[in-house]
Amino acid sequence: MDNLIVQMINENQETLKNNWLNEVKLFKEKELIGTTLKFSEETDQQFFAMLIKHINFHDISKDGTLDDFFDQVLHTGLPLSYLTQGLQAARRVVLNLLVETENDKEKVAAVYREIDRWLDPILNRVVENSSQIWERTVSVQKTALLELSAPLIPVFKNISVMPLIGSIDTERAKLIMENLLNGVIKYRSEVVLIDITGVPVVDTMVAHHIIQAADAVRLLGSTCILVGIRPEIAQTIVSLGIDLSLFPTKSTLQKGMENALEITNQQLISNK
């Protein structure tokens, strides 16, 4: 930024700061309506100090200072608009001060362009950082949901159940396979029941993934039973010509469990 502009900003720093804080306060009051958001005055002070530091040192982004501040603000749950509106407020208060003290329109226009060249890269960086944080958060949440969506649950000695709910794509199929094989070893499962009651559609791709999983379980010396085959699913499987004859299938989890108990030479005894 031009040294004369920097000098003007530094000489009027207190005025600019007060004007900027007032603008940010108005934004926060509007943003807080109907929300539980809490904005810290300390963060406001830090934000303004960061802008002044950036002006005086021309570029503090190379050492990660700006990125660290943006991350800190966004990770506290404050909206992206807090940063973007704060930057826009900085543009306004500087230009308002200039208009009040400078009569030369050409000089005002030149300073306006200079301010734009200063602020636009920062705005772009804010949006970029926000997008990266959002993408990381979504990725973590997606992984957590996937892990919860394909659990292998031990129910009896050497018998485990994997209830599947929702659509099965390639990514989820890989997780199902991984959890299935690790669980068979971890729980020493002799029989695994894959329950597809909650799977809305079983097409060729879904059936292929299930067959692969069953084959992998068989290679570990265990038996895989497919349960929860509804009439419409059975009709679809037949019409698609999908061969599920390589492993047992049952219409309900109860029937599958009875079969698993027989295979493992176990039986349920009533307490009556």
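Rings of Phe, Tyr and Trp (its six-membered ring) pair if their centres lie within 6.5 Å; planes under 30 degrees apart count as stacked, over 60 as edge-to-face and the rest as tilted. By this criterion, ring pairs join Trp-20, Phe-47, Phe-48, Phe-69, Phe-70 and Tyr-82 into a cluster. The model is predicted, so local features need pLDDT of at least 70 and side-chain atom pairs count only at pLDDT 80 or more, while totals for chains, interfaces and linings use all residues. Residues are numbered from 1 along each chain as its sequence is written, and side-chain values use heavy atoms, with hydrogens and water left out.

**Aromatic pairs**
- Five aromatic pairs are found in a search of the whole structure.
- One of them is the edge-to-face pair of Trp-20 and Phe-47, at 5.3 Å centre to centre with 85° between the planes.
- This pair links distant parts of the chain, 27 residues apart: Trp-20 belongs to helix α2 (residues 13-31) and Phe-47 to helix α3 (residues 41-57); helices are DSSP runs (H or I, at least four residues), numbered from the N terminus.

- Trp-20 is buried, at 0% relative accessibility, where buried means under 20% relative accessible area (1.4 Å probe, protein chains only).
- Phe-69 is also buried, with a relative accessible area of 2%.
- Phe-47 counts as buried, at 1% relative accessibility.

**The second ring contact of Phe-47**
- Phe-47 and Phe-69 form a tilted pair, because their planes stand at 45°, with ring centres 5.5 Å apart.
- Phe-47 lies in helix α3 and Phe-69 in helix α4 (residues 65-75), so this pair ties together parts 22 residues apart in sequence.

Key:
Helices (H or I, at least four residues) and strands (E, at least two) are DSSP runs, numbered from the N terminus. Buried means under 20% relative accessible area, exposed over 50%, partly exposed in between (1.4 Å probe, protein chains only).
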